[in-house]
Amino acid sequence: MAGFQLQPAERQLSNTNPEDIDGLIFLEPPPQSQELRRDSNAASQLKQLAIRMAAASRPVAAIGTAVPMLAELGCLNGRRASQKAQFQPDLTNSNQVLWTRQTLVSDGPWITSADTTAAKQLLEAVVRSSASL
């Protein structure tokens, strides 16, 4: 397949150079993501990678429950983000995220999707953003 390759994150996050990656996509986190949230070192590495990716103008996307995970890490502060209505009140009080009920939101390199039914649109937005690199 020419162009895009999807690869799982197998390397140490702190050693990852944003210039080596075309984009970063956070999918619905598995149940063990609670362990990640409790591991402050891993959460810090994840946050720093996402911020470095965005600073390098690489797309950073999240879908479904991965959106509030990025919000909890503080990655979306000051940004517009898509999320289901039932999650907005709690998250709005604890983060400076500008929540919207739009299905897909692009705010600079940050791309968020309210739920998994918009997966195709999210991937298309990532491809469009990466094509300009």
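Buried, in these legends, means under 20% relative accessible area, with exposed over 50% and partly exposed in between (1.4 Å probe, protein chains only). Helices (H or I, at least four residues) and strands (E, at least two) are DSSP runs, numbered from the N terminus.

This is a predicted model, where local features need pLDDT of at least 70 and side-chain atom pairs count only at pLDDT 80 or more, while totals for chains, interfaces and linings use all residues. Residues are numbered from 1 along each chain as its sequence is written, and side-chain values use heavy atoms, leaving out hydrogens and water.

**View 1. Helix 3 sits largely enclosed by the rest of the structure.**

**View 2. The largest nonpolar core has 23 residues.** A nonpolar core here is a set of buried Ala, Val, Leu, Ile, Met, Phe, Trp, Tyr and Cys residues joined through side-chain atoms within 4.5 Å. Phe26, Ala50, Val60, Leu70, Leu76 and Trp110 have the most contacts inside it. Strand 1 (24-26), helix 2 (40-55), strand 2 (60-63) and helix 3 (66-73) each give two or more residues to this core. Apart from it lies another core, of 6 residues, including Ala61, Ile63, Ile111 and Ala125.

**View 3. Here's Ala50 and its partners.** Setting aside neighbours within four places in sequence, Ala50 is in contact (heavy atoms within 4.5 Å) with Leu24, Phe26, Val60, Cys75 and Trp110.

**View 4. Arg58 and Glu19 form a salt bridge.** The term covers a side-chain nitrogen of Lys or Arg within 4 Å of a carboxyl oxygen of Asp or Glu. In this pair, the closest N and O atoms are 3.2 Å apart. Arg58 lies in the loop between helix 2 and strand 2 and Glu19 in the segment before strand 1, so the pair ties together parts that are 39 residues apart in sequence. Arg58 counts as buried, at 9% relative accessibility.

**View 5. Arg79 meets Asp107 in another salt bridge.** Their side chains come to 3.1 Å, N to O. Since Arg79 is in the loop between helix 3 and strand 3 (80-82) and Asp107 in strand 5 (residues 104-107), the pair links parts that are 28 residues apart in sequence. Arg79 is partly exposed, with a relative accessible area of 25%, whereas Asp107 is buried at 17%. A search of the whole structure finds 2 salt bridges.
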